[in-house]
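User: I'm new to this one and would like to be walked through it. Could we take it piece by piece?

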Amino acid sequence: MTTEVLLAGFGGALAVFILGAFREWWREERESEGLLRLLLAEIDHNDEVTRTIGEMTDDLLGSDDFPSLSTESRHDAQGRAAALLPDELSVTLNRYYSLLQTTLTLREFKNRGNERMNRGMTEMYSELFGREFARSRNPWNDYLKATQDAQERARERIDAYSARPWDERLLVRLSRWLERLVERTRRGRKEPDGS
């Protein structure tokens with residue numbers, strides 16, 4: 001066999017590998033776009049529900065309609081989203097859904113209304129007297145506010161990611177792949193001597 005034939009075979013195999021990797025990336029990119037559209041629809045749903053409740057009452061958590069907020073799409077897509085989405089976007093989405101789930105859980109506490117009112121009064125006393133009193137922290141209000149802020153941040157991050165051109169997304173994916181490869185190589189070097 002001549003060198004030209006070997007080089008041609010190697011070049012052909014390399015081209016097939018690169019095209020296959022690109023095709024896989026493109027498929028995953030399409031899937032991640034679909035997941036993001038699904039999650040964004042759920043975020044928009046939750047935003048509309050809270051906005052509508054807010055038009056009817058000042059007490060969002062006290063409304064019987066508040067449990068209508070949804071986390072189902074996130075639960076259904078969680079595994080694939082973690083595998084496909086960039087880390088910073090996954091962290092942002094996880095923060096929003098974690099805060100939302102905690103808020104929904106806090107809403108179910110027995111005697112929630114009285115406890116929130118008592119803590120609100122204690123918080124006012126703390127501000128009035130300039131010192132901290134026991135039970136002045138109001139987790140219901142704190143988590144509700146944090147959830148709303150995280151919801152807006154998640155929407156912004158999804159929009160920013162979706163607005164990126166495909167070549168920039170490809171470069172980000174390649175960068176992440178190289179970072180993980182370097183990290184695995186470092187760990188592989190440390191394992192034999194136990195450090």
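User: What does Glu183 form a salt bridge with?
Analyst: In this predicted model, Glu183 forms a salt bridge with Arg187, and the closest N and O atoms of the two are 3.8 Å apart.

User: And how many residues apart are Glu183 and Arg187 in helix H6?
Analyst: They are 4 residues apart in helix H6, which means that about one helical turn separates Glu183 from Arg187. As a general point, an α-helix has 3.6 residues a turn, so residues three or four places apart point the same way.

User: Is Glu183 buried, partly exposed or exposed, and what about Arg187?
Analyst: Glu183 counts as partly exposed, at 34% relative accessibility, and Arg187 is also partly exposed, with a relative accessible area of 45%.

User: How many salt bridges does the structure hold?
Analyst: The structure holds 21 salt bridges. One of them joins Arg169 and Glu29, whose closest N and O atoms are 2.6 Å apart. That pair links distant parts of the chain, since Arg169 is in helix H6 (residues 166-190) and Glu29 is in helix H1 (residues 3-56), 140 residues apart.

User: Are those two buried or exposed?
Analyst: Arg169 counts as buried because its relative accessibility is 7%, under the 20% cut-off, and Glu29 counts as buried at 3% relative accessibility.

User: Which residue meets Arg180 in a salt bridge?
Analyst: The side chain of Arg180 meets that of Asp87 in a salt bridge, with 3.3 Å from N to O. This pair, too, links distant parts of the chain, with Arg180 in helix H6 and Asp87 in helix H3, 93 residues apart. Arg180 is partly exposed, with a relative accessible area of 37%, and Asp87 is partly exposed as well, at 42%.

User: Which residues are linked in a network of salt bridges?
Analyst: A network of salt bridges links Asp44, Asp47, Glu48, Arg51, Glu152 and Arg155.

User: Which residues of H3 are buried, and what do they pack against?
Analyst: The buried residues of H3 include Leu89, Leu93, Tyr96, Tyr97, Leu100 and Leu104, and also Ser90, Thr92, Thr103 and Arg107. The buried residues of H3 pack against H1, helix H2 (72-84), H4 and H5.

User: What is the phi of Asn111, and where is its place?
Analyst: Phi of Asn111 is near 65 degrees, a positive value in a residue other than glycine, and Asn111 has its place in the loop between H3 and H4. For background, most residues other than glycine have a negative phi. Asn111 is partly exposed, with a relative accessible area of 48%.

User: On to H4, then: how many residues does it have, and how far does it reach?
Analyst: Helix H4 covers residues 112-129, so numbering 18 residues, and it reaches 25 Å from its first C-alpha to its last, close to the 26 Å expected at 1.5 Å a residue.

User: Which residues of H4 are buried?
Analyst: Arg112, Glu115, Arg116, Arg119, Thr122 and Ser126 are buried in H4. Seen down the axis of H4, its buried residues fall within an arc of 130 degrees, so they line one face of the helix. What covers these buried residues includes helix H3 (87-107) and helix H5 (139-163).

User: What is Ser126 in contact with, leaving aside neighbours within four places in sequence?
Analyst: With those neighbours left aside, Ser126 is in contact with Arg131, Glu132, Phe133 and Ser136, and Ser126 counts as buried at 9% relative accessibility.

User: Which exposed residues does the face turned away from the buried side of H4 carry?
Analyst: That face of H4 carries the exposed residues Met124, Leu128 and Phe129. Phe129 has a relative accessible area of 56%. Met124, Leu128 and Phe129 also belong to a nonpolar patch on the surface, together with Met117, Met121 and Tyr125, and the patch has about 680 Å² of accessible area together.

User: What follows H4?
Analyst: H4 is followed by Gly130, whose phi is positive, near 70 degrees.

Methods: Residues numbered from 1 in each chain as written. Predicted model: local features only at pLDDT ≥ 70, side-chain atom pairs only at ≥ 80, totals over all residues. Heavy atoms only, no water. Helix = DSSP H or I, 4+ residues; strand = E, 2+ residues; numbered from the N terminus. Expected span 1.5 Å × (residues − 1). Buried < 20%, exposed > 50% of the residue type's maximum accessible area, 1.4 Å probe, protein only. Arc of directions from axis to C-beta. Contact = heavy atoms within 4.5 Å. Patch = residues over 30% accessible without salt bridge, like charges linked within 9 Å, V, L, I, M, F, W, Y side chains within 5 Å. Areas by Shrake-Rupley, 256 points an atom, 1.4 Å probe, with all protein chains shown as cover. Salt bridge = Lys/Arg side-chain N within 4 Å of Asp/Glu carboxyl O.
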